[in-house]
Amino acid sequence: MKFSILIPSIPERLAKTADLIAKIEAQITDKSEVEVLCLLDNMNMTIGEKRQKLFELAKGKYFAFVDDDDDINMNYVNEILTAIESNSDVITFRQISFINGEPFQVNFSLKNENEEAYKVNGVWQDINRKPFHVCVWKKKVCTGCFFPSINYGEDAFFAECAAKNAITETHINKVLHYYNFDSTLTRA
């Protein structure tokens, strides 16, 4: 198995999760190369616990998280499978983030420092960040890293550990992931 796509979800977003899985499955041409794992929980577990369980279940040499309220590029799977051939520790790319419908771009790279999202004259600015949990990680690079059992910041905690272990990177200079934060809908 080359690649595991991990999706934590909750029952109230089941329809959106099903649409996301269908979009991913439509991109998979060889089921022996890519697995899609979804953990649906009624919020008895923290998001950190869900991510950790998915991480432990993943059989792929590489893995990435795509949350149930996010989206992917129409060529996401093919771009990732091509990049996996480089055998890098992490595969990074660009992301469009939406905060309450307002977009900005995030450029992930090991070379970057983590910049916090910010506005200038009321407009979100593009930022640079180190690789995050949505990037594609070689699983063995993440040995010793874990998602703490919390509902906020678990992803940053994991990514900081993984980035310390990563040496090599393949960067895809394309937008492959869309992060959606809506203060009225986003839940852990």
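**Figure 1. Packing of α2 against α4 in the predicted model**. The axes of α2 and α4 lie 9 Å apart and form an angle of about 45° (axes are lines fitted to C-alpha atoms over the stretch in contact, with angles from 0 to 180 degrees between N-to-C directions). α2 is therefore oblique to α4, a class left for angles that are not under 35 degrees (roughly parallel), over 145 (roughly antiparallel) or 65 to 115 (roughly perpendicular). I47, G48, R51 and F55 of α2 meet E154, D155 and F158 of α4, contact being heavy atoms within 4.5 Å. Residues are numbered from 1 along each chain as its sequence is written. Local features need pLDDT of at least 70 and side-chain atom pairs pLDDT 80 or more, totals for chains, interfaces and linings use all residues, and side-chain values use heavy atoms, without hydrogens and water.

**Figure 2. The largest pocket and its lining**. A pocket is an open set of points on a 1 Å grid over the protein atoms alone, where a 1.4 Å probe fits, with protein on both sides within 12 Å along at least five of seven lines; lining residues have an atom within 4 Å of a point. The volume is about 930 Å³, taken as the space filled by probe spheres set on the points. Of the 39 lining residues, F132, Y152, D155, Y179 and F181 lie nearest the centre of the pocket.

**Figure 3. Contribution of β11 to the pocket lining**. β11 provides four residues, the largest share of the lining of the largest pocket; strands are DSSP runs of E with at least two residues, and helices runs of H or I with at least four, numbered from the N terminus. The chain has four helices and 11 strands.
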